[in-house]
Amino acid sequence: MAQLQIVYLLRPGTQEQWRRLYQEIAESRREEFEASCRRIGITQVQVRLVQMLHSDLMLMTLHTQEPQQTLQELATAERPLERWLRAQLQGL
């Protein structure tokens, strides 16, 4: 099993918005998110927000067999959840 590490440098003042997005995915969109992960080969997701002196980072670890294929799917999938999630990420 391979790990795909994604690191986002959060814009100042957006940490609470990121927390709310994560909470929405973990609660009201959980089943849909888990099904999406299965479709694109992700077996486990870990997300951490790290506060640094002058900025915040979001560290995301995705466990998958095929990291390149997973990245391609994340970038191009057109199912409703993926489109919604991409729009949320672009807005933040």
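User: Happy to start with glutamate 34: is this residue buried, exposed or partly exposed?

Analyst: This is a predicted model, in which local features need pLDDT of at least 70 and side-chain atom pairs count only at pLDDT 80 or more, while totals for chains, interfaces and linings use all residues. Residues are numbered from 1 along each chain as its sequence is written, and side-chain values use heavy atoms, with hydrogens and water left out. Buried means under 20% relative accessible area, exposed over 50%, and partly exposed in between (1.4 Å probe, protein chains only). Glutamate 34 has a relative accessibility of 33%, so the residue counts as partly exposed.

User: Thanks! Which residue does the side chain of glutamate 34 meet in a salt bridge?

Analyst: A salt bridge here is a side-chain nitrogen of Lys or Arg within 4 Å of a carboxyl oxygen of Asp or Glu. For glutamate 34 the N to O distance is 3.0 Å.

User: Why are arginine 30 and glutamate 34 separated by about one helical turn, and in which helix?

Analyst: Helices (H or I, at least four residues) and strands (E, at least two) are DSSP runs, numbered from the N terminus. The two residues are four residues apart in one helix, so about one helical turn separates them. The helix covers residues 30-39 and is H2.

User: Good. Is glutamate 82, the salt-bridge partner of arginine 79, buried or exposed?

Analyst: The side chains of arginine 79 and glutamate 82 meet at 3.8 Å, N to O. Arginine 79 is partly exposed at 34% relative accessibility. Glutamate 82 has a relative accessibility of 6%, so this residue counts as buried.

User: How far apart are the mean positions of the positive and negative charges?

Analyst: Lys and Arg count as positive and Asp and Glu as negative, with His and the chain ends not counted. The place of a charge is NZ of Lys, CZ of Arg, CG of Asp or CD of Glu. The protein chain has 11 positive and 11 negative charges, and their mean positions are apart by 2 Å.

User: Let's zoom out: what pattern does the protein chain follow along the sequence, and why is it as compact as a globular protein of that length?

Analyst: The protein chain has four helices and three strands. Its radius of gyration, taken over C-alpha atoms, is 13 Å, close to the 12 Å that the globule rule gives for 92 residues, so the chain is as compact as a globular protein of that length. The globule rule is 2.2 Å times the number of residues to the power 0.38. Read along the sequence, the pattern is β-α-α-β-β-α-α.

User: Which residues does threonine 70 touch, leaving out those up to four places away in sequence?

Analyst: Threonine 70 sits in helix H3 (residues 67-76) and is buried, at 1% relative accessibility. With contact meaning heavy atoms within 4.5 Å, threonine 70 touches Leu4, Ile40, Ile42 and Thr64.

User: And which residues does leucine 10 touch, with the same exclusion of residues up to four places away in sequence?

Analyst: Leucine 10 lies in strand E1 (residues 2-10). This leucine is buried, with a relative accessible area of 5%. The residues that leucine 10 touches are Gln15, Trp18, Leu49, Asp56, Leu57 and Met58.

User: Where is methionine 52, and how far is its C-alpha atom from that of alanine 2?

Analyst: Methionine 52 is in the loop between strand E2 (42-51) and strand E3 (56-64). A relative accessible area of 44% makes methionine 52 partly exposed. Methionine 52 and alanine 2 are 50 residues apart along the chain, and their C-alpha atoms are separated by 27 Å.

User: Last one: is glutamine 90 buried or exposed?

Analyst: Glutamine 90 is found in helix H4 (residues 80-91). The C-alpha atoms of glutamine 90 and threonine 70 are separated by 19 Å. With a relative accessible area of 66%, glutamine 90 is exposed.
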